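Please look through the sequence and the model shown here. The text below then goes through its sheet and its ring contacts.

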Amino acid sequence: MTIDENILHLLRNGRGNYVSGEELRKHADISRAAIWKHIEKLRDEGYEIEASPHLGYRLIHIPDSLMPDEIKWKLKSRVMGREVISYKLVDSTNDVAYSLAEKGMKEGAVILAEEQAHGKGRHGRKWVSHPKGGIYMSCILRPNIPPNEIARITLLAAVAVAKSVREVSGMPAMIKWPNDILLNSRKICGILTEMKAEQDTVDFIILGIGINVNTPSNHLPEGATSLREEMARSGRVESISRVELAKKVIEHIEENYNILKKEGFDPIIDAWKHYSAMLGSRVKVVMQNKTFEAQAYDIDSDGALLVRRERGILQRVSSGDVIISK
Ligand code: BT5
């Protein structure tokens, strides 16, 4: 634990009551003067801490920032999030995670940022990453799977996000194959899964997740929305805690990852279908610059989409985009 973490821990345990300077000094093993420096630093990070010459220090407000202390506080997962690294601004959390994984960073590390200068989507597309309103995070996974099963990880993460959004906000988040989470047919989350693999084995996977939580709609592209915007539409004017949502997502990723390892992919597919916004619907499939109409039919054991084209012909779509027809 760093000194800042230690001081925060003691203040939190005070549950809004004063913690004396002497107590902080003893437990953090620093001088009284040094305590003041650390309190000032925490204040700069957005913590509201009241200081009284006789009583000590009292924690009044915790900022909703994606800092390691906040994410790790009472996090229920064991492996995911055991290491959390947060940045104010990065080009892309996926790129940071990738280079850390190459240097040997362990499975379960989570990289978070308040803002991305070059957030990435699939196929060289951009992910708009407005500061403060969103969650931009990447997890390092080292599963023992062949490269062709990577789509399973994307689907597993989509289930984790849909479930977390529902639990935190009560809003009916749905999944659109392969990597979108929708609210009222508009995109609030995208997932970008990248990997380093050698022939038949995956070295590591970077699971990147972007969620528009409190982002104002004028900072989002056409067709996108945020959790707060959609809640406001249904008459609920409130902000969602990004920290709470990020923690839930981390916990549910671990839960699903363990299910995948112990029970296989079937239970994940079942959960995915439960949240699916598209099975049974008419869709337009865009695949390698070709477009065709079909009916979304099922998901196969590798996470590919099965569609039924005219005259009942079934086709497997392993990568591409799908537009749900109105
Ligand atoms: C995705 O790609 O949806 C994957 C997005 C993954 C973003 C995360 S953030 C953390 C991590 N670090 C990264 O650099 N990336 C990951 P795709 O299916 O290709 O969708 C991209 C398309 O979604 C764009 O072309 C826009 O149309 C739209 N889009 C861009 N920004 C958006 C946003 N903030 N919200 C909703 N839609 C957006």
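What follows describes the sheet, a helix across it and the aromatic pairs.

This is a predicted model, in which local features need pLDDT of at least 70 and side-chain atom pairs count only at pLDDT 80 or more, while totals for chains, interfaces and linings use all residues. Residues are numbered from 1 along each chain as its sequence is written, and side-chain values use heavy atoms, without hydrogens and water.

An open sheet of mixed pairing is built from seven strands in the order E3-E4-E5-E9-E8-E7-E6. Strands are DSSP runs of E with at least two residues, helices are runs of H or I with at least four, and both are numbered from the N terminus; two strands pair if DSSP finds at least two bridges between them. Strands E3 (84-90) and E6 (174-176) stand at the edges with a single partner strand each, so one side of each has no neighbour in the sheet. E3 pairs with E4 (residues 110-116) in the parallel sense over six bridges; in E4, glutamine 116 is the bridge partner of valine 90.

Two aromatic pairs are counted, where ring centres of Phe, Tyr and Trp (its six-membered ring) lie within 6.5 Å, and planes under 30 degrees apart are stacked, over 60 edge-to-face and the rest tilted. Tryptophan 36 and tyrosine 57 form a tilted pair, 6.5 Å centre to centre with 35 degrees between the planes. Tryptophan 36 belongs to helix H3 (residues 32-44) and tyrosine 57 to strand E2 (residues 56-61), 21 residues apart. The rings of tyrosine 98 and phenylalanine 204 have centres 4.9 Å apart and planes at 75 degrees, so this pair is edge-to-face. Tyrosine 98 lies in helix H5 and phenylalanine 204 in strand E9, 106 residues apart.
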